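I set down here, in order, what I looked up in this structure. The entries are brief and are meant for a reader who is new to it.

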Amino acid sequence: MSSDTQFVDSPAVQDRLVELRKRKETLARIKALREAFGLDFYRPHAKQDKFHRAAQVAGRYCRTGNRGGKTKCGAAEDVAFCLGYRPWYRHKFEVKDGKGNVIRVHDPVANPEDFALITLGIPQRPIKLLLIVTDWDKSNEIFTNNVGSYENWGEYFQLIPTASIHGNPHKSRGGHIDRIDLARPAEHGGGVSSIYIDTIESYKHAKMSAESSDWDVIHLDEPCPESMFQAHARGLVDRQGKFWINCTPLTEMWINDMFTPKNKRLVDMAPDGREFVVGKNNNVSRFIITWSIYDNPHNSQQSIDEFEELFKRDPVNLECRINGLPSHMSGLVYPEFVWDMHVLCDVPKGWKDFNDPPKDYTIRVWWDVHISKHQALLFFATAPDGTVYIYDEMFYTKYIAQNAELLKEKIAGRNCISLEIDPNAVIEDPNSETSVIDTLASHDLFFMPATKDRTQGTLKVGEKLRERGHHDLPTIYLSPNLTQTLFEMTHYVKDPETGKPVDKDDHMMENLYRAVLSGLDYVTPSDEDKLPIRPEYSRHNAIHLSPHTYA
């Protein structure tokens, strides 16, 4: 007998071979179980876990960077709602953060709250769920591929228990899977739930296809046009449905707006999840959670470094793809604006209200003129120490006369030394041979044309926002009741190709840069200033107003 044969036949080697065979059989058994009961093997990381635990909220938003696991947790929630329960929460496991630290131990046997997560927020009856994706190729690649090896299947077929698939998936005329039916266990209502799939590409070609269907759930996997979401979302009403949006916010700022609390302040980061209510009756529930590529414990540092290298020349895109910060917010015209620093929390000392400064403050008003939209007026008050307050706004009607009369009420008895208006106000109407500025003069409001140097103006506004005065505090503040102005401040962005401000949602921003360019120094009231001066004015030979107070 050779030494090699003796070695193979040795007891130690034989025991090791038996051990390896058992391990191979075990791995094969686990693989078979995973393929048959996929959802039981899903283990959410800490941020995904928070998303699932907010299931009672009507609208949820997972705003994440790439490779954060948003698609996986969205697909898992889809399948769970269709089955009537979350199989993974029946098991005990550790919930880990991106660094592998154990955040909590999920134990449904020991903890009743953990047991409740199995069915939390899920209707105990068959449901209809709509998934909205970019196009059919992406739908197949990410969600519905069911050919080849298990590792290459789409999320749905990796997660749906094999025995739960009811019949064959339905295919469109183009050969794409557009509906998957799932049989529900009897203890969770029985019957058959359905996952329907629609694409942004299809909607653009046939917009009426989004109308008239009713849904229990809508899942938006990538940003879509607001009109598409609204058309489908009408179908949630009859069934008191829910929706979740799991995406990297590269486009479609309306999604962030929908998950903005009533103070109109955009949520920049919500790493622990933020739940709040909106709506006129404060009964519309919302939940937003943000996380980055670093919060997924399955991403290695090397793979993250490789990903960052791809976008190092595009910092705005990188910030969105890594940390989930909306690219819109990364490209703001005024990144110097800091809400917690520039927006008043309390009524300033000596003021009656946020829109009622002391009568000795210097008041200036700028008016951005529109034909079919609301007129936009912005009010500035300068304190004796030079601090500037943007304290009021008007943005409620397009009619000149109504705005003029309300303006007169607002500045009555105040040290208003300057009224300036969009230069377009000087242009005559060919029929009436009068201009907006003439109409205002008939209301005893004498405006001067403002500058249109937007480039210089935006630079000056940035400088003003960065400026610090006494105790290193800002020298310009905004009242919290400036709904339109604060909306624009957080939405006024640069065109990524030209680097210039986008001409959209910028009515108050036009007033802002013109005001800063014109100067906002304090002017001491005098007896002469208190007289209602009616300046000589010619549309073709404009002169600057003398300081005056409107009585």
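**Entry 1: Asp198**

I looked up the surroundings of Asp198 and found that, leaving aside residues up to four places away in sequence, Asp198 touches Leu130, Leu131, Ile132, Val133, Met228 and His232; contact means heavy atoms within 4.5 Å. The model is predicted: local features need pLDDT of at least 70, side-chain atom pairs count only at pLDDT 80 or more, and totals for chains, interfaces and linings use all residues. Residues are numbered from 1 along each chain as its sequence is written, and side-chain values use heavy atoms, with hydrogens and water left out.

Asp198 belongs to strand β7 (residues 192–199); helices (H or I, at least four residues) and strands (E, at least two) are DSSP runs, numbered from the N terminus. I noted that Asp198 is buried but has no salt bridge, and that the nearest side chain of opposite charge, Arg173, is 11 Å away. Buried means under 20% relative accessible area, exposed over 50%, and partly exposed in between (1.4 Å probe, protein chains only). A salt bridge is a side-chain nitrogen of Lys or Arg within 4 Å of a carboxyl oxygen of Asp or Glu. For charge, Lys and Arg count as positive and Asp and Glu as negative, while His and the chain ends are not counted.

**Entry 2: salt bridges**

I found 22 salt bridges in the structure. Arg86 and Glu77 form one of them (2.9 Å, N to O), and both residues are buried.

Lys128 and Asp214 form another, with their closest N and O atoms 3.0 Å apart. This pair links distant parts of the chain, 86 residues apart: Lys128 is in strand β4 (residues 128–133), and Asp214 is in the loop between α8 (200–205) and β8 (217–220). Lys128 counts as partly exposed because its relative accessibility is 22%. I also saw that Arg125, Lys128, Asp214, Asp216 and Arg239 are linked in a network of salt bridges.

**Entry 3: nonpolar cores**

I then looked up the nonpolar cores, each a set of buried Ala, Val, Leu, Ile, Met, Phe, Trp, Tyr and Cys residues joined through side-chain atoms within 4.5 Å. The largest has 45 residues, of which Leu39, Val79, Trp88, Leu129, Tyr156 and Leu182 touch the most other members. Helix α4 (residues 70–83) gives the most to this core, with 8 residues. Another core, of 29 residues, lies apart from it and includes Leu344 and Phe447.

**Entry 4: the whole protein**

I recorded 19 helices and 17 strands. Of the 551 residues, 49% are buried.
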